[in-house]
Amino acid sequence: RRINYARKLAEERGLVLDESLTMRDLGLSGYHGDNVTKGALGGFLKLIEDGKVPVGSILLIESLDRLSRQGVTDCNSLVTQIISAGITVVTAMDNKEYNKELIDKNPLELFAMLMIFMRANEESETKRRRVIAALKDQCER
């Protein structure tokens with residue numbers, strides 16, 4: 001589904017789809033930041049730092065909450081690092097674009113992004129608390 005969306009997006013925009021940079025961080029926590037420290041997202045950030053991801057590239061993700069579920073300041077730093085490098089983030093779920101020009105023109109878009117990150121973090125925190133409670137209950141039984 002995602003690759004078909006990426007191909008369609010590339011075709012619509014007259015872009016070349018670089019499938020060599022397809023990233024999956026299966027089983028790595030976005031809540032703990034493992035997708036950055038141990039996963040493909042961290043590798044992508046390194047490629048950006050090394051100048052190997054051209055300005056004007058697009059990072060296609062399912063949804064912003066797939067990028068990170070850390071606290072809002074960590075999420076802000078992460079997305080700022082990406083868009084400040086001239087990369088546009090596109091979310092497949094709602095076909096929204098986030099880039100430096102857009103956010104500089106309409107800072108409320110940054111606020112909207114931060115709200116999505118806050119919700120994702122709160123959702124993960126709630127799940128974490130529920131799992132801990134369930135495990136404690138099992139141990140007590």
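Predicted model: local features only at pLDDT ≥ 70, side-chain atom pairs only at ≥ 80, totals over all residues.
Biologist: What pattern does the protein follow when read along the sequence?
Modeller: The secondary structure amounts to 7 helices and 3 strands. The C-alpha atoms fill a box of roughly 60 × 35 × 30 Å along the principal axes. Read along the sequence, the pattern is α-α-α-β-α-α-β-β-α-α.

Biologist: Among contacts with a separation of 6 or more, what percentage comes from residues 24 or more positions apart?
Modeller: The protein has 141 residues, of which 33% count as buried. For contacts with a separation of 6 or more, the share from residues 24 or more positions apart is 61%.

Biologist: Which element gives the largest share of the largest nonpolar core?
Modeller: This core has 21 residues, and those that touch the most other members are L59, L67, I82, V89 and F117. Two or more residues each come from α3 (40–49), β1 (58–61), α4 (64–67), α5 (72–84) and α7 (108–140). The largest share is 5 residues, and the element that gives it is α5.

Biologist: Which residues does L67 contact, leaving aside neighbours within four places in sequence?
Modeller: L67 is one of the core residues that touch the most other members. L59, I82 and F117 are also named in that group, and L67 is in contact with these three.

Biologist: Is S68 buried or exposed?
Modeller: S68 lies in the loop between α4 and α5. Its side chain reaches the backbone nitrogen of Q70 at 3.1 Å. The relative accessibility of S68 is 1%, and buried means under 20%, so S68 counts as buried.

Biologist: Which strands are the edge strands of the open sheet?
Modeller: The sheet has 3 strands in the order β1-β2-β3, with mixed pairing. The twist averages 20° from one strand to the next. An edge strand pairs on one side only, and the strands that do so are β1 and β3.

Biologist: Which residue in β2 stands opposite L60?
Modeller: β1 and β2 (residues 88–91) pair over 4 bridges. The sense of this pairing is parallel. Opposite L60 stands V90.

Biologist: At about what angle to β1 does helix α1 run?
Modeller: Helix α1 covers residues 2–13. This helix lies across β1, β2 and β3. Relative to β1, helix α1 runs at about 145°.

Biologist: What is the relative accessible area of T88?
Modeller: T88 is placed in strand β2. Not counting residues up to four places away in sequence, T88 touches S57, I58, L59, E97, Y98 and N99. The cut-off for buried is under 20%, and T88 is buried with a relative accessible area of 12%.

Biologist: How many residues apart in sequence are the parts that R69 and E123 tie together?
Modeller: The side chains of R69 and E123 meet in a salt bridge at 3.2 Å, N to O. R69 is buried, with a relative accessible area of 12%, whereas E123 is partly exposed at 29%. R69 lies in the loop between α4 and α5 and E123 in helix α7, so the parts tied together are apart in sequence by 54 residues.

Biologist: Which elements hold K96 and E109?
Modeller: K96 forms a salt bridge with E109, with the closest N and O atoms 2.9 Å apart. K96 is partly exposed, with a relative accessible area of 30%, and E109 is buried, with 15%. The pair ties together parts 13 residues apart in sequence, because K96 lies in strand β3 and E109 in helix α7.

Biologist: Which residues are linked with E123 and K127 in a network of salt bridges?
Modeller: The whole structure has 12 salt bridges. One of them joins K127 to E123, with the closest N and O atoms 3.5 Å apart, and both residues lie in helix α7, 4 residues apart, about one turn of the helix. K127 is partly exposed, with a relative accessible area of 46%. Linked with E123 and K127 in the network are D65, R69 and R119.

Conventions:
Residues numbered from 1 in each chain as written. Heavy atoms only, no water. Core = buried A, V, L, I, M, F, W, Y, C linked by side-chain atoms within 4.5 Å. Buried < 20%, exposed > 50% of the residue type's maximum accessible area, 1.4 Å probe, protein only. Contact = heavy atoms within 4.5 Å. Polar contact = N/O pair within 3.5 Å; in protein donor to acceptor, adjacent residues only side chain to side chain. Pairing = 2+ DSSP bridges. Axes fitted to C-alpha atoms, helices over the stretch in contact; angles between N-to-C directions. Salt bridge = Lys/Arg side-chain N within 4 Å of Asp/Glu carboxyl O.
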